[in-house]
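User: I have a model open and a few quick questions. Can you walk me through it?
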Protein chains: 2
Amino acid sequence: MPHFLNAADAGFEEDFAALLGAKREEAQDVDDAVAAIIADVRERGDQALIELTAKFDRMELSPERMRFTTAEVDDLVAQVSPEDRAALEHAAGRIRGYHARQMPKDESWTDPEGATLGWRWTPVSAAGLYVPGGLASYPSSVLMNAIPAKVAGVERLAITVPTPDGVANPLVLLAARIAGVDEIYRVGGAQAVAALAYGTESIAPVDKITGPGNAYVAAAKRRVFGRVGIDMIAGPSEILVIADADNDPDWIAVDMLSQAEHDESAQAILITDDAGFGEKVTAAVEKRLETLERREIAGASWRDFGAVIVVPDLEMAAQLADRIAPEHLELCVADPEGLSVRIRHAGAIFLGAWTPEAIGDYVGGPNHVLPTARSARFSSGLSVMDFLKRTTLAKMTPEALKAIGPAAERLAIAESLEAHGLSVRARLDRLNEG
Amino acid sequence: MPHFLNAADAGFEEDFAALLGAKREEAQDVDDAVAAIIADVRERGDQALIELTAKFDRMELSPERMRFTTAEVDDLVAQVSPEDRAALEHAAGRIRGYHARQMPKDESWTDPEGATLGWRWTPVSAAGLYVPGGLASYPSSVLMNAIPAKVAGVERLAITVPTPDGVANPLVLLAARIAGVDEIYRVGGAQAVAALAYGTESIAPVDKITGPGNAYVAAAKRRVFGRVGIDMIAGPSEILVIADADNDPDWIAVDMLSQAEHDESAQAILITDDAGFGEKVTAAVEKRLETLERREIAGASWRDFGAVIVVPDLEMAAQLADRIAPEHLELCVADPEGLSVRIRHAGAIFLGAWTPEAIGDYVGGPNHVLPTARSARFSSGLSVMDFLKRTTLAKMTPEALKAIGPAAERLAIAESLEAHGLSVRARLDRLNEG
């Protein structure tokens with residue numbers, strides 16, 4: 001049974017705090033193993049990749065076999081059904097359209113003191129996308145990571161995807177092709193992250209690495225951070241649904257289960273202003289769990305981390321939502337827009353009962369890589385901004401330097417940084433001579 | 001003597017690669033000590049802060065003394081000269097003006113398939129700024145970190161600043177007051193970072209921590225990352241100057257020294273298309289080093305990491321600049337704008353000989369917290385964006401769901417995520433009934 005909390009109960013605050021603080025994932029201590037793998041790839045390059053791939057993915061690689069050839073990709077994507085291809089292309093088009101609007105603008109202006117200021121955005125030159133192999137090899141993740149990179153203008157986009165026992169997922173390759181990925185490599189694990197960060201004979205290094213992965217991949221990303229940029233380290237998925245009694249309990253139940261089925265550590269929470277509705281949703285979840293393919297996983301998530309919270313009104317629901325700072329937030333209420341502006345901390349908001357969260361996973365347009373574990377308090381989902389960086393620009397005229405230079409010199413002296421002050425003074429002296 | 005490289009020499013590529021790869025800072029291994037300090041603060045709160053402050057800063061704290069009172073700040077800032085105050089206010093106004101232009105806009109639109117999409121930016125609720133104590137306690141850093149936070153709309157902004165032997169820097173307090181900081185605490189080191197991340201009886205936790213610090217502070221920020229957001233971990237300062245022979249060698253020399261004086265690990269590089277000019281700058285540096293207050297530090301930086309690189313033309317200078325990806329880049333050439341657009345990787349560019357880098361450290365307007373150690377390839381300086389996060393928004397109508405829902409369902413099935421598909425199917429079935 002999931003947790004059932006009622007804001008009217010005496011122990012509510014304590015129970016809610018416990019729910020917030022529940023540790024859903026034990027960090028696996030793989031750091032030493034990962035450090036050794038990275039050192040090995042740095043030292044021995046391709047040869048290390050070949051040996052590690054033989055060991056972990058049970059397949060023979062060679063420098064020539066490292067990268068998928070165009071013909072190999074052609075053959076694999078030909079296996080995809082026209083319907084699946086159409087769905088991927090539909091999704092890709094919508095994701096591209098959404099992310100194109102995120103492109104920031106360069107700015108330049110001259111201020112009253114005569115200084116010309118501004119900034120310019122430029123793309124990261126080369127990015128690498130890690131794609132997990134096996135069951136969690138999701139074509140939707142390829143679209144969600146690769147399309148923002150290409151929209152941002154990344155020239156060289158490489159994918160690494162393990163192919164255990166030599167088996168590749170045709171949908172992943174098709175998604176990569178649709179997204180415009182330039183290079184696809186048959187390597188995975190920490191060794192793939194090391195290859196992307198440091199390069200080998202066959203894989204040129206990149207500047208930024210994104211994409212999901214297991215504990216080894218996450219640890220490797222943390223280790224190479226600084227050498228390259230990385231995206232966030234994602235935790236287990238979460239959904240918070242705020243729903244009033246005017247909803248179909250079964251719709252809300254499947255929405256909750258669509259996160260619960262990801263992972264036994266996933267979390268689905270319902271906040272409602274109607275206790276009876278909360279019970280109906282719970283019953284609907286139990287009923288769906290009887291037949292769901294992934295009922296073992298979804299059932300464990302629901303039992304261990306699921307929760308129904310009854311509140312006196314939607315104002316309190318908004319307050320609790322901000323404390324949860326959910327990755328995904330569905331607002332199934334009469335005025336979802338009105339409620340949404342009272343909530344500050346959420347990765348993505350789905351407005352109204354006709355917007356199940358799964359739309360956002362695939363075809364809505366916004367990114368499905370979103371902040372987990374309450375990090376929506378301070379971070380955002382993946383976007384084109386993750387593949388851009390800003391260079392600030394400043395230009396002084398002699399007049400501008402005369403106007404603002406003395407303040408710089410004064411502060412430099414106050415901070416005992418003499419040469420800073422001298423670099424301004426040398427120029428001001430010339431102006432005074434002139 | 002600094003490194004003297006000439007692109008015409010046979011060994012140039014090797015020498016340049018060695019210069020790029022030079023390790024300027026040995027990571028101090030303080031991680032175990034920092035882990036213990038963080039655990040102590042989490043467990044014992046204020047009492048741990050009091051004991052650690054007695055040990056490291058040689059001063060008695062108490063829960064009541066932890067935070068500066070308004071009267072205490074009043075007394076300290078009254079010690080600041082009117083000239084220094086005016087310089088700080090001048091700088092603050094310019095920094096505020098620049099960062100106000102960085103505020104991104106919310107967006108919302110309805111697309112041809114009937115989906116309403118968009119995003120909304122909201123500020124981090126509470127941020128903490130670490131300010132070093134002692135010699136490196138820079139009021140300019142307070143302005144550069146605090147102003148973007150306040151421009152972004154952060155409601156609660158706390159500063160921690162150690163006051164060794166009880167001595168506080170009046171300019172730091174005045175900068176905090178001018179920037180609108182809400183709370184100032186007399187704690188420093190890893191214990192201050194732990195207090196900001198986890199909270200104690202006297203210090204409420206924050207969501208984001210920024211600001212420079214020593215190896216302990218950097219290690220603590222790495223450790224609390226995930227619990228809270230952090231800014232980058234800054235390395236030693238760097239400047240690259242591209243200058244032709246039409247410059248005053250002394251101006252270029254003091255510009256180089258203004259970074260070299262920060263730290264023995266700082267790096268100043270000149271690229272010029274005139275070998276004779278390179279020698280003149282070297283001579284001018286040596287001359288300035290005879291009298292510079294911080295000549296020990298600046299001299300060591302220049303000797304160990306300084307470099308003059310002679311190139312055949314400015315096109316090659318631009319190419320090398322991109323490989324260096326400098327934190328600060330001065331373009332002292334006839335057409336600085338023309339050259340700047342050929343360079344993609346730089347934290348901040350200073351255009352023309354009248355724009356010494358020190359202007360950007362204090363009063364130019366752009367932030368002086370910038371990516372070091374070649375990380376300008378994939379990251380940007382501090383900005384209001386570091387204190388904002390984006391929530392994506394999506395709303396389907398029944399018609400929109402009919403148009404795009406089937407693609408989502410299809411991809412969910414392809415990924416073996418049945419409940420994802422069912423959450424769309426349940427709604428499509430209702431529409432088909434209706």
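User: How many bridges join β12(B) to strand β13 of chain B, and do they run parallel or antiparallel?
Analyst: This is a predicted model. Four bridges join β12(B) to β13 (residues 348–351) of chain B, and the two run parallel. Within that pairing, B:I349 is the bridge partner of B:L329.

User: What joins strand β9 of chain B to β12(B)?
Analyst: Five bridges, again with parallel strands. B:I239 stands opposite B:H328 there.

User: Is β12(B) mostly covered or open?
Analyst: Mostly covered: five of its five residues are buried. On one side sit B:H328, B:E330 and B:C332, on the other B:L329 and B:L331, and all are buried.

User: Where is A:E327, and what does its side chain pair with?
Analyst: A:E327 is in the loop between α13 and β12 of chain A. Its side chain makes a polar contact of 3.2 Å with the side chain of A:S237.

User: Why does A:E327 count as buried?
Analyst: Because its relative accessible area is 6%, and buried means under 20%.

User: And A:H328, buried or exposed?
Analyst: Buried, at 2% relative accessibility. A:H328 lies in strand β12 of chain A. A polar atom of its side chain is 2.8 Å from the backbone oxygen of A:E238.

User: Last one: how far apart are the centres of domain 2 and domain 3 of chain A?
Analyst: 57 Å, taken over C-alpha atoms. Domain 2 covers 235–378 and domain 3 covers 396–433.

Notes
Residues numbered from 1 in each chain as written. Chains lettered and ligands numbered in written order. Predicted model: local features only at pLDDT ≥ 70, side-chain atom pairs only at ≥ 80, totals over all residues. Heavy atoms only, no water. Buried < 20%, exposed > 50% of the residue type's maximum accessible area, 1.4 Å probe, protein only. Pairing = 2+ DSSP bridges. Domains from an automatic or database assignment. Polar contact = N/O pair within 3.5 Å; in protein donor to acceptor, adjacent residues only side chain to side chain.
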